[in-house]
Amino acid sequence: WLQRPCGATFGFGGKISFFSASSGGVVSIADIVTDREVIARSQQLHASIEARALPDYCEAKATATASERDADEWRLMQVLCSQDRQLLLRYLGLAAPEEAPPAPSPQQPAAPPPPINSQLANDDDPAAIFNQLAVATERQESLQAEADAAAESLPPADEPIPAEMNSLSPQPAAMPQPEQPHDPMLSQAILNGNFESAVSMCMASGRVADALVLAASGGPELWVATRDQYLASNGSAFMHTLGAIVHQDFGKYVAESALGSWKETLALINTYASAEELPLLCAGLGQRLEGESADMAAATLCYMCAASVEKAVALWQSQYKTAGGGTSGLLDLMEKIVVFQEVTGTKEGYSLISDKLAEFAELLAAQGCLPEAMSYLLQLPAIEPASSAASLIHRIHGCNEMLLASPPALPFEYVHVGAAPTEVYPQNGGYDQYGYPVAGYDGAYAAAPAAGYGDYAADGSYEQSGYAAQGQYDASAAYGGGYGQYAQPEPQPQTPAAPAYSYAQPTPTPSQPTVYTPQPAPQ
């Protein structure tokens, strides 16, 4: 009854070991899953990458999320997967509406008869061929006669159209063309081929269209100067946009554009900027949105268009911390980073979130997904030996050695632990009973004779009559015993004794040992 009836303990890699009284002392090991959502989302992401079905994956994520910001980011990633820049205009809601096919008119002209050659191609009988040819000719003549009759019923072009017919088919009113006053100096400049003077006169009198037409005939330099003068003469937003397109100066346009119209700015540079210049322009717009208006959602979209993994990951991490973290937030963060790096074709984002990547890999390993966890850890460009990622790689390799071709570096310092060394005390030197250092016996002392009065004993202590060898006093020998516990001994006549010596021996010189010669006792 003292035995444990059962027991269980969890291990690394989603393992649990357990035993019970009914198992007969056999310990069993089984896999255990505590969070099936982690496994399901990880497998879905991995399958989409392997099948190259990231657009469908992004669309599913945009539909399933409840956050408007996350939905916009997933839809933009779906657009970026297609590599079609025109789809960005549709995403921003600025694409031109698709033109519907024109509706057929109620009175359509009769379809022309098929070519005669096609009708005669499959006929082999000559008589039948001539009959078909005669029928086709008569049909063409009848159609031509009907067309001529319809043309004769219309009034001539120089006659006014009757009011009845005009009411049935209204025509747009012609815009009146104001007659420009005659300028003799302008005419003289044109006749002499002085286009610069003619353009200047037209611009001064407000005749911009005439000035541009004349400038086009005066050479490219005059045309460019006249065009720039016209663009600078009007400071409207439209002319500002038109000037950016004409001069291809999109950097200035992005720096001076209104942040409230950031979508129009992004659409403009997406349409007209070159592929080499587009990432820098999108990043510049994102920096303005982040720094000046603190619109992090719009800034993230601009950074994504710029393929700036560093900026986008930084804002996603900030969003993750604001949301409070947690397992679901960590999965959202990792899914965005993994998909965005697949779209941009880079892996530099993993080094920016090495701690989050190690946490995500540990989460997968805890559910038994060791291959997936190892694949994410190996994406890190550099792994510090003392980091949590290195320790996790070492533990995963210990569970499954087939995941790596060679053992990883140890994440800790290897120390050999053995038996403690035996402490050796020196023969020479020590401390006497009073705590003073003395030299130990090193064999330099001469052999002493048999212990006697006033001689040193073999162990080096001074021995005298009535005293024990180790400095102990024998009370029974001195007083003869018989005293009670509190009795005091009677004073005895004292005889001169040899001088007192301490038990500690002086430190001898190793080369010249010191030998003590006692003086004879007085008679």
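This is a predicted model: local features need pLDDT of at least 70, side-chain atom pairs count only at pLDDT 80 or more; totals for chains, interfaces and linings use all residues.

Colleague: What covers the buried residues of helix 11?

Modeller: The cover includes helix 9 (195-204), helix 10 (208-217) and helix 12 (237-247).

Colleague: And which residues are buried in helix 11?

Modeller: Leu 222, Thr 226 and Leu 231. They span an arc of only 165° around the axis, so they sit on the same side of helix 11.

Colleague: Which are exposed on the other side?

Modeller: Pro 220, Glu 221 and Ala 232 are exposed there.

Colleague: What span should helix 11 have?

Modeller: Helix 11 covers residues 220-232, and its 13 residues should span 18 Å at 1.5 Å a residue. The end C-alpha atoms are 18 Å apart, which agrees.

Colleague: New topic. How many aromatic pairs does the structure hold?

Modeller: Three. One of them is Trp 316 with Phe 340, edge-to-face, at 5.6 Å centre to centre and 85° between the planes.

Colleague: What does that pair tie together?

Modeller: Trp 316 is in helix 17 (residues 309-322) and Phe 340 in helix 18 (residues 326-344), so the pair links parts 24 residues apart in sequence.

Colleague: Is Trp 316 buried or exposed?

Modeller: Buried, at 2% relative accessibility. Phe 340 is buried too, at 1%.

Colleague: Which pair does Phe 360 form?

Modeller: Phe 360 pairs with Tyr 376, edge-to-face, 5.2 Å centre to centre with 70° between the planes. Phe 360 belongs to helix 20 (residues 354-366) and Tyr 376 to helix 21 (residues 370-377), so this pair joins parts 16 residues apart in sequence.

Colleague: How buried is Tyr 376?

Modeller: Its relative accessible area is 10%, which counts as buried. Phe 360 is buried at 4%.

How values were computed. Residues are numbered from 1 along each chain as its sequence is written. Side-chain values use heavy atoms; hydrogens and water are left out. Rings of Phe, Tyr and Trp (its six-membered ring) pair if their centres lie within 6.5 Å; planes under 30 degrees apart count as stacked, over 60 as edge-to-face and the rest as tilted. Helices (H or I, at least four residues) and strands (E, at least two) are DSSP runs, numbered from the N terminus. Buried means under 20% relative accessible area, exposed over 50%, partly exposed in between (1.4 Å probe, protein chains only). The expected span of a helix is 1.5 Å times one less than its number of residues. The arc is that of the directions from the helix axis to the C-beta atoms. Contact means heavy atoms within 4.5 Å.
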